[in-house]
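I shall speak about a ligand and its surroundings.

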Amino acid sequence: MSSKSTSAEYFSGSDTLEHKALRILRENEWGDYTLPTKGLYPYQWNWDSMFVALGFAEFDVDRAWTEVESLFEGQWANGMAAHIVFRRDDPSYFPGPSVWKSNHSVPTSGCSQPPVAATIVRDLYEKDPTEGRERLIEIFPKLMSWHRWFHTMRVVSGGAAIAVTHPWESGRDNSPDWDEALANVDPTGVTPYERKDLGHVDPTMRPTDAQYDRYLKLVEFGRDCGWDHTHITREGPFAVADPGITFILMRADRDLRYLAEVLQKHAAVREIDGWLTQARAAARYLWSPELGAYAARDLRTGEFASGVSSAAFLSYYAGIASSRRDAQLQRTLDRILEAAPYGIPSFDPAHEKFDPKRYWRGPSWAIINFLVARGLAEFGFAGKAARIRQSTRAMIEKSGFYEYFDPFTGEGYGGSHFTWTAAIWLAWASPETDAKD
Ligand code: DGY
């Protein structure tokens with residue numbers, strides 16, 4: 001997109017995908033933050049907002065910074081940036097603030113989400129270091145304390161990989177990555193509830209009721225222990241080492257380190273270096289030779305997930321290189337990309353649990369495609385990165401700005417007018433961004 005474009009031009013009634021994408025961002029704006037989509041997700045979601053900031057940065061960098069800053073209104077005293085910042089109660093969503101009962105003055109959920117923020121803050125800062133410096137100074141300590149929260153409260157003792165204690169924390173809610181660990185959560189006695197998501201989206205595209213019962217049971221566990229995050233990670237019913245969060249945090253640590261150098265925060269650089277010394281051990285822990293990929297691993301049983309999810313390929317984005325493992329990982333990626341023209345499918349199409357329609361059990365997601373391709377390009381796999389970008393472009397051109405897409409047909413599923421898909425279009429997938437290559 002031309003940097004000279006203004007938002008007024010985008011409201012000129014043109015129907016190009018650029019203009020539609022911009023309208024989606026503007027229409028889903030809610031003051032200083034942006035809804036993922038109206039109806040289905042009526043609040044601020046953590047990683048959604050950060051991808052949205054990348055989209056805004058294409059035409060309004062000031063608004064992009066504001067999006068990031070507003071997320072940290074939901075940061076707890078212990079450092080956690082919450083996965084949903086509610087601010088108000090909207091009857092179209094369940095479970096809302098009265099179910100979570102967070103400890104924070106601005107009502108939030110009680111878990112976090114993949115920490116893409118530091119990487120995106122670096123992107124914003126690099127767009128205009130002079131203008132961005134003051135805002136970076138303000139946001140830096142908040143990023144530090146959030147990363148510290150992950151490295152202390154989401155690691156089981158002696159471990160290095162980052163745990164999720166709720167599938168919602170991973171952002172990949174119903175991925176088969178969690179199936180075995182979730183099956184060990186006893187849903188008996190869960191407070192009766194009514195799902196609201198099924199009023200917005202076809203049930204065949206959403207998690208099952210059995211999964212929802214367990215999601216709610218985990219919320220009740222956290223709430224009943226007063227959201228003691230150390231206790232939840234150590235003793236709670238669900239703790240799985242997640243390649244998604246582990247690799248996204250590793251990348252974010254490296255970007256945070258860069259920002260610490262910019263601000264000459266030497267103590268912070270040393271602290272981040274301490275976190276990064278765990279990186280190789282975390283990657284080793286998550287490597288499954290049987291699957292030929294990095295995989296989720298139940299921290300209570302030590303068992304790997306039964307198949308390969310798209311998070312496996314975030315190791316490049318994290319900056320992890322291992323010639324022996326990468327040779328196998330590349331073969332796995334080739335096989336999966338060959339099987340799915342609108343890749344990357346969120347779960348291996350050759351696996352019995354694959355479902356091309358159901359949320360994180362198969363559909364292709366623009367944000368994951370973007371992160372994986374970014375890492376691949378940085379490691380010199382330019383052809384594969386370009387292929388993933390082209391197929392992301394093709395699925396959006398074919399179906400519009402849906403939440404996720406069928407990896408075989410490119411058909412759009414889930415919420416429509418979806419803000420992060422529009423943002424990824426503006427920042428990375430549209431033909432206008434080819435000039436950035
Ligand atoms: C939902 O409600 O489906 C969300 O993914 C939870 O974060």
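The ligand sits in the largest cavity, where sitting requires that more than half of its atoms lie within 2 Å of the cavity's grid points. A cavity here is a set of points, on a 1 Å grid over the protein atoms alone, where a 1.4 Å probe fits but cannot get out. This is a predicted model, in which local features need pLDDT of at least 70 and side-chain atom pairs count only at pLDDT 80 or more, while totals for chains, interfaces and linings use all residues. Residues are numbered from 1 along each chain as its sequence is written, and side-chain values use heavy atoms, with hydrogens and water left out.

The lining of the largest cavity comprises 18 residues, with Y41, W45, Q113, D173 and Y359 nearest its centre; a lining residue has an atom within 4 Å of a point.

Which residues surround the ligand? They are Y41, W45, H83, Y93, W168, D173, R206, Y212 and Y359, each with a heavy atom within 4 Å of the ligand.

I turn now to polar contacts, meaning pairs of N or O atoms within 3.5 Å. A side-chain N or O atom of D173 is 2.5 Å from an oxygen atom of the ligand. For Y93, a polar side-chain atom lies 2.6 Å from a ligand oxygen, and for H83 the corresponding distance is 2.8 Å. Of the 230 Å² of accessible area that the ligand has on its own, the protein covers 96%, as computed by the Shrake-Rupley method with a 1.4 Å probe.

Definitions and conventions: Polar contact = N/O pair within 3.5 Å; in protein donor to acceptor, adjacent residues only side chain to side chain. 1 Å grid on protein atoms, 1.4 Å probe; cavity = no way out; pocket = protein on both sides within 12 Å on 5 of 7 lines; lining within 4 Å.
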